[in-house]
Amino acid sequence: MTSPSSDDDPAPKGRAVVRLKPKAEARAIRHGFPWVYADELVTDRRTQSLAPGALAVLEDGERRPLGLVTVNTKSKIIARMLDRNPEAEIDQSWFETRLVRALALRARLFDAPFYRLIHAEADGLPGVVIDRFGDTAVIQPNAAWAEAHLSALVAALQTVTGVTRVVKNGTGRARGLEGLAEETALLAGQIDAPIPVPMNGATYMADVMGGQKTGLFYDQRPNHAFAARLARDAAVLDVFSHVGGFALAALAGGAASALAVDASAAALALAGQGAEASGFADRFATRQGDAFDVLEALGAEGARFDLVICDPPAFAPAKPALEAGLRAYERIARLAAPLVAPGGYLVLCSCSHAADLASFRNASARGIGRGGRRGQIIHTGFAGPDHPILPQLAESGYLKSLVFHLDG
């Protein structure tokens with residue numbers, strides 16, 4: 001296929017054309033890098049006039065087509081690759097092709113249909129997250145292009161997976177950056193109660209209409225499982241517990257007791273329902289409050305636990321928050337370490353994109369030292385395989401989990 005010979009020539013299917021600057025590196029895009037940054041693209045008047053989420057043919061500096069992209073001139077990532085074929089039609093069939101591939105991977109990994117089905121760029125749908133809860137799916141269309149094609153995506157999702165209930169979770173920082181309104185809506189079916197989710201031998205309750213994100217965090221599944229291996233006959237403290245993530249897995253692993261701490265009464269109520277459904281209610285307790293305050297109070301009370309887990313929200317979601325975020329991670333470690341019984345275990349987690357593994361590990365080690373303890377790292381965990389990573393976007397691997405065996 002030949003590229004347009006002038007700015008006035010039509011693109012395939014009459015689409016707009018956006019072009020890399022002559023010095024921009026097109027090779028990375030040809031080799032799979034999915035993003036174009038604002039300083040790499042010619043942003044002339046016509047490009048600037050494109051609505052957020054518009055489709056365009058991306059060309060290199062010599063006018064050779066590289067593929068079909070979605071454009072948002074308000075973002076530092078000004079273009080995201082959708083298809084290497086510049087003539088691709090973004091319709092139901094196009095979505096079905098990607099969903100079939102994603103479903104085949106998850107079906108290979110999991111025995112039951114409870115997993116992250118679509119993980120954005122890594123599954124070929126930039127800015128789109130889909131979590132599956134049996135016959136229910138929750139879509140996060142965090143990019144303007146996905147919002148514009150939502151009906152085709154939902155139709156494809158139902159055709160490929162057979163789900164009968166579909167929720168749109170349109171909340172979060174990413175949508176604001178795309179100029180999208182926040183909203184949660186039921187797109188198909190009826191949902192009247194939290195959905196029970198079997199995972200790691202426990203039953204979790206996911207509030208897909210009103211909970212955090214999609215209602216459950218599947219990314220921690222393998223880290224829950226590793227912690228559960230340390231939990232037999234143990235007294236467990238799960239801080240930032242949400243709906244009982246580590247606590248319920250630990251109880252399934254034979255923990256003697258588990259105390260779940262969270263600021264959200266609603267989340268703790270769901271954790272309690274999960275403990276009841278799992279048959280763990282007699283070994284499970286909750287404590288509502290600010291995590292830092294509760295950690296300090298437990299320290300003052302002289303409380304000790306064989307296994308302590310701290311899984312906070314992202315303290316450093318972006319680079320401007322990195323320094324403050326690392327201080328927060330250090331403080332968490334400092335407060336948590338003294339609560340670990342001699343020879344016990346401390347699990348510290350970070351879901352901050354801006355804090356890389358080395359920075360998070362160093363902050364955690366400083367905090368443990370300031371807490372008067374020493375230890376060894378026995379395990380480093382990441383998100384599960386239903387959260388794949390493009391090798392060209394290794395930095396998108398946001399989740400880190402460090403397991404320390406502390407001194408006696």
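How many aromatic pairs does the rule for ring centres give? The count comes to 12 aromatic pairs. Under that rule, rings of Phe, Tyr and Trp (its six-membered ring) pair if their centres lie within 6.5 Å; planes under 30 degrees apart count as stacked, over 60 as edge-to-face and the rest as tilted.

This is a predicted model, in which local features need pLDDT of at least 70 and side-chain atom pairs count only at pLDDT 80 or more, while totals for chains, interfaces and linings use all residues. Residues are numbered from 1 along each chain as its sequence is written, and side-chain values use heavy atoms, with hydrogens and water left out.

## Aromatic pairs

A pair of aromatic rings is described by the distance of the centres and the angle of the planes. Two of the pairs are tabulated here.

| Pair | Centre to centre | Angle between planes | Class |
|---|---|---|---|
| Trp94 and Phe95 | 5.2 Å | 85 degrees | edge-to-face |
| Tyr329 and Phe360 | 5.1 Å | 75 degrees | edge-to-face |

The pair of Tyr329 and Phe360 links distant parts of the chain. Tyr329 sits in helix H11 (residues 322–336) and Phe360 in helix H12 (residues 357–370), 31 residues apart. Helices (H or I, at least four residues) and strands (E, at least two) are DSSP runs, numbered from the N terminus.

Are Tyr329 and Phe360 buried or exposed? Both are buried. Buried means under 20% relative accessible area, exposed over 50%, and partly exposed in between (1.4 Å probe, protein chains only). Trp94 counts as buried because its relative accessibility is 6%. Phe95 is buried too, at 1% relative accessibility.

Tyr329 and Phe360 also belong to one aromatic cluster with Phe240, Phe292 and Phe315. Ala328 lies in helix H11. Its relative accessible area is 15%, so Ala328 is buried. Ala328 and Pro312 are 16 residues apart in sequence, and their C-alpha atoms are 9.7 Å apart in space.

## Strands and sheets

An open sheet of 5 strands runs in the order S1-S3-S4-S5-S2, with mixed pairing. Its edge strands are S1 (16–19) and S2 (35–37), and each pairs on one side only. Neighbouring strands of this sheet are turned by 40 degrees against each other on average, direction ignored. Axes are lines fitted to C-alpha atoms, for helices over the stretch in contact, and angles run from 0 to 180 degrees between N-to-C directions.

Two strands pair if DSSP finds at least two bridges between them. S2 and strand S5 (residues 77–83) pair in the antiparallel sense over 3 bridges. The bridge partner of Val36 in S5 is Ala79.

Strand S8 (residues 136–141) is mostly covered, with 6 of its 6 residues buried. Thr136, Val138 and Gln140 point one way from S8. Ala137, Ile139 and Pro141 point the other way.

What pairs with S8 in the antiparallel sense? Strand S7 (residues 128–133) does, over 6 bridges. Val128 stands opposite Pro141 in S8. The hairpin of S7 and S8 has 2 residues between the strands, and Gly134 takes a positive phi near 65 degrees there. S8 also pairs with strand S9 (residues 165–170), in the parallel sense over 4 bridges. Thr136 stands opposite Arg165 in S9.

Most residues other than glycine have a negative phi, and most peptide bonds are trans. Asn200 has a positive phi of about 55 degrees although it is not a glycine. Asn200 lies in the loop between strand S11 (195–199) and strand S12 (202–206). With a relative accessible area of 30%, Asn200 is partly exposed.

Phe240 has a positive phi of about 60 degrees, again without being a glycine. Phe240 is found in the loop between strand S13 (235–239) and helix H8 (245–252). Its relative accessible area is 15%, so Phe240 is buried.

## Cysteines

A disulfide is a covalent bond between the sulfur atoms of two cysteines. The cut-off is a pair of cysteine sulfur atoms within 2.5 Å. A search of the whole structure finds 0 disulfides.

Cys349 is buried, with a relative accessible area of 1%. For Cys351, the closest cysteine sulfur is in Cys349 at 8.8 Å, also too far for a bond. Cys351 counts as partly exposed because its relative accessibility is 22%.
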